[in-house]
Amino acid sequence: MKKYDAIVIGAGHNGLTNAAYLAKAGLKVLVLERNSYVGGATVSRELYKDWIYSNCSYVCSLLRPEIYRTLNLAKYGLQVVPYGGSVTMAENGDFLGSYIDHDVSRRELERHNARDADASLRFDTDIMRQCRLIRPFLMRTPPDPTSFKPWDLMQLLDFGREFLKLGEDVIYDTVRFYTMSIAEYLDEYFESDLIKANFAGPGIIGTALGVMSPGTSYVLLHHAMGDVDGSMGAWGFARGGMGAIANAMAACFQDHGGEIMTDAGVDQIIVKSGRVTGVALENGDEHYADLVVSNLDPKRTFLKLMDEKDLEPSFVEKARNFKIRGSSGKLNIALDGLPEFPQLGKDNPLIAGDMHFMDSVERLERAYDDWKNGTWSKDPYVDMLIPTLTDPTMAPPGKHYMSVFVQYVPPKVHGRDWTDEDRDAFGQTVIDQIANYSPNFKDLILHTEVRTPREIEDEVGLTEGNIFQGELTMDQLFFNRPFPGFAQYRGPVKGMYMCGSATHPGGGVMAAPGANAAREILRDLRRPNTVPEGWTDD
Amino acid sequence: MKNLTKEHFHTHLYPSPFHSRTEPLNKLNQWGRWKGYLSADAYTDISMEYFASRNTCGVFDLTPMTKHLITGPDALPFLNRLMTREVSKIKPGRVGYCVWCNDDGRVIDDGTLFHLREGVYRLCSQEPQIDWLLTSAIGFDVDIVEDTHDVAALAVQGPTSCAILRKMGLNGLEMLKPFGIEHYPFEGTELMVSRTGYTGDLGYELWIDPSHAEALWDRLFAAGQDYGIAPMGGEALDLVRVEAGFLLAGVDFLPAHEAIRPDRTRSPFEVGLGWLVHLDKPHFTGRRALLEEKRRGSRYNFVKLDIDGNKTAEHSFILDKRENYVGTVTSAMWSPSAKANIALASLEAPHGKVGDEFLAEVYYQRELKWHRVLAPCRVIDGIFFEPARRKMTPAPNF
């Protein structure tokens, strides 16, 4: 059997990023992927003839520009195109739009509440301040606050310095920001229910918390700290679907001599005398390497692929206690034409942006109540897009692809496993909701893929279908991600590393965890670093 | 723009109530945007428009200027709590230039406060302020509304402005003192005239119900035909305001509410508006911080610079004699009226005393070749160009 320098388990965007930087450093790297295609949740799939679905992740903003550039993703075919605006449609026939044009957008806020239009500037400024605080640390390894190693102390000092640069108020605000609910936070700025409902959405996406749960204001920030070409908070489409990102990463990796094996599900990470030696596949094959990097979530990695006897009991406890609750579902729909949304008026450009159906924070909270009760939201929060209005590659001309991200969807229904009937009923709930706002919608449907946490876990491997590989709450962020004492990408046994979204700085198609893990691995190997550093904002 | 419908998105930028008149005059079709309005950047030629305002009369459509109406029993105490200056000194029928700060004593915006009638005020500002005004009004019995779209406004500026307005029928206008307000009947409505402006010259601002905007424009231009009246766009206005030494929010200082980097904000002392800070009056927002700043000293000085040579020092670094950085130019121009190379600049304290000499690092090009020059410059007192007519009462005819 051939021996590799490193084996990366999982060809998601973080695994591929990690592998690419290791390959760039001259390591012989093997990426193992359980599915017959790469990408994990960063994938484009043709599940209906001539339609391409971004069937998991669907929009791009967080992908770090330094990774984009140093992995040469443009050369390998990736194009990220910004899209415009968002709209929240209310039950009373009105709506709130965020238009691309800032004057139109401001006037739209004014239409609902003149004071809120003004307050939105203050809101944007405060969010931007928090983004500026966090962004320099996305591509850095979290320091361990209990460590007295010079490196950790220096990093902590750096963090303090960034704080001070932003002024005293930001220190107060930061603590509040990371602990408050998005509902409370928005109350400090806005009066209009619809405006608050519109801004609250990003506070719960991918999170098994309600808008009134503490910690959700950070989740909003997590969705605002990306950029498209320096335009902070902007989102775009990967042309050809999200798979274009993973495919470009894979091409870069292979160009640097990397090897990808698909249909190669890992059964076990082999540990001998306290260090990893390789992996055993489900088909019985074994591959050997001094390093094994897992792009999988910690529950899957440590509780399924490793022998618990190889781990410290306290570590196993940490993995068991890791919060990775499913809360989201997804519908991917092939449409025979463009659905109409009469309440938006004629030729409203916002149909090309994110669409939501919501009119108050209370209604959003009620959607969460259903999740707590063990069922999907009967009146769900959706983040719905028609990428084909921007991207001509995903459906035939005149036809459309609709991506509908849905919250809340529990990992189990009333404590039992999902059935196909449950899944279909959930899909129907979402379709009915959309049809309430779009009279011709149902008639246009050619094909629907409905994904509950069950499908997401089974196909992508994310435990409970949690899209962020673990909740983005304060207790699981920064030096506590995934577990206290294990935030520096090193696993519990020698030669074992973690590079998934379960590590700092968390989920979303950011690729920073994969890159950060590569830097730590190269540091341990005393190899020159290939991961970009110091690309901070000024 | 009352009663906005949800279809407003079809119109990206709204026409001002004068649009039917300004549009045919805009020979260059050069429109910019100003707070959601379509606003002429230039009509014919920036230089000619500039000289109209200094030689005859330039007319600028200032409708998009943010306006707030402040009324109620506590209007005065509220404004005195908001503003750094003593507002009770602004009597009915008078206008006062004001600046207001956040709790940290950093400038949120500057603007003009019109004491329209006893206890009735209009605040004009560059940035929308309704959220801050309402927040500041907690505990005061006041009514505050933003009425930007309910008032059409024109700036009529230049040596012949008074003569034109008198010819239009505004009798006795020559007796209106600078910063005074007068009301005239106008075709069944009321025309308010204030002797104010952004040009540092003889000039007036006219305020009227938008339904009468076109009639006002027509009457004004008919009266001004023999007096060199000409429309003036935003670019020409920006030249005269620098000559007058007036600040522009977002250019010469960053409004505190927009600052992501908190050290970018400035106190009134740091933007040359210390004269508007009346620390001897009772508590106002920012007073504690400004008292402390007075004790410890400011971080920046805002200065007017007279620069050698004729190369405009736009965005120049200002260096000391050893070529160390001491500050940045915020606005700069060649002043055709002062025949001087002038600039407004923010310098790090203690630099910036009157008479201090520096070097302006100027980049300029001649026929596509770029040059760098370190132009000696000095801090001056007073205004770059201030014609006597600006303050004369009765106002001269030209």
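Student: How far apart do the C-alpha centres of domain 1 of chain B and domain 2 of chain B lie?

Tutor: They lie 33 Å apart. Domain 1 covers 6–63 + 151–232, and domain 2 covers 300–381; such bounds come from an automatic or database domain assignment. This is a predicted model, in which local features need pLDDT of at least 70 and side-chain atom pairs count only at pLDDT 80 or more, while totals for chains, interfaces and linings use all residues. Residues are numbered from 1 along each chain as its sequence is written, and chains are lettered from A and ligands numbered from 1 in the order in which they are written.

Student: Why is A:Thr141 counted as buried?

Tutor: A residue is buried if 20 or more other C-beta atoms, placed from the backbone, lie within 10 Å of its own, exposed if 12 or fewer do, and partly exposed in between. A:Thr141 has 21 C-beta neighbours inside 10 Å, so it counts as buried. A:Thr141 sits in the loop between helix H4 (114–134) and helix H5 (150–165) of chain A; helices (H or I, at least four residues) and strands (E, at least two) are DSSP runs, numbered from the N terminus.

Student: Which residues does A:Thr141 touch?

Tutor: Leaving out residues up to four places away in sequence, A:Thr141 touches A:Gln488, A:Tyr489, A:Asn516 and A:Glu520. Touching means that the C-beta atoms, placed from the backbone, lie within 7 Å.

Student: Is B:Asn29 buried or exposed?

Tutor: Exposed, because B:Asn29 has 10 other C-beta atoms within 10 Å. B:Asn29 lies in the loop between helix H1 (19–25) and strand E1 (30–34) of chain B.

Student: What is the phi of B:Asn29?

Tutor: Its phi is positive, about 50 degrees, although B:Asn29 is not a glycine. Most residues other than glycine have a negative phi. B:Phe179 also has a positive phi, of about 70 degrees, without being a glycine. With 16 C-beta neighbours inside 10 Å, B:Phe179 counts as partly exposed.

Student: Which peptide bond has omega near 10 degrees?

Tutor: The bond from A:Gln407 to A:Tyr408, which is cis. A:Tyr408 is in the loop between strand E18 (400–407) and helix H14 (420–437) of chain A. Another cis bond joins A:His504 and A:Pro505, with omega of about 0 degrees. Most peptide bonds are trans.

Student: Why is strand E7 (residues 120–125) of chain B described as largely enclosed?

Tutor: Five of its six residues are buried, so strand E7 of chain B is largely enclosed by the rest of the structure.

Student: What joins strand E4 (residues 66–71) of chain B to E7(B)?

Tutor: Five bridges, and the two strands run antiparallel. Two strands pair if DSSP finds at least two bridges between them, so five bridges make E4(B) and E7(B) a pair. One of the residues involved is B:Ile70, whose bridge partner in E7(B) is B:Tyr121. Strand E6 (residues 107–117) of chain B is also joined to E7(B), antiparallel, by six bridges. There, B:Arg117 has B:Val120 as its bridge partner. The hairpin of E6(B) and E7(B) has two residues between the strands, and B:Gly119 takes a positive phi near 80 degrees.

Student: Which strands of chain B make up the closed barrel?

Tutor: The six strands run E14-E17-E16-E15-E18-E19, with antiparallel pairing. Within chain B, eight bridges join strand E16 (residues 325–335) to strand E17 (residues 340–348). B:Gly327 has B:Leu347 as its bridge partner in E17(B).

Student: How many residues does the largest nonpolar core have?

Tutor: It has 171 residues, and those with the most contacts inside it are A:Ile245 and A:Met249. A nonpolar core is a set of buried Ala, Val, Leu, Ile, Met, Phe, Trp, Tyr and Cys residues joined through C-beta atoms within 7 Å. Helix H10 (residues 243–255) of chain A gives the most to this core, with nine residues. Apart from it lies another core, of 117 residues, among them B:Tyr50 and B:Phe78.

Student: How many residues does the contact take from chain B and from chain A?

Tutor: The contact takes 19 residues from chain B and 25 residues from chain A. On the side of chain B that touches chain A, helix H4 (residues 130–136) of chain B gives the largest share, three residues.

Methods: Contact = placed C-beta atoms within 7 Å.
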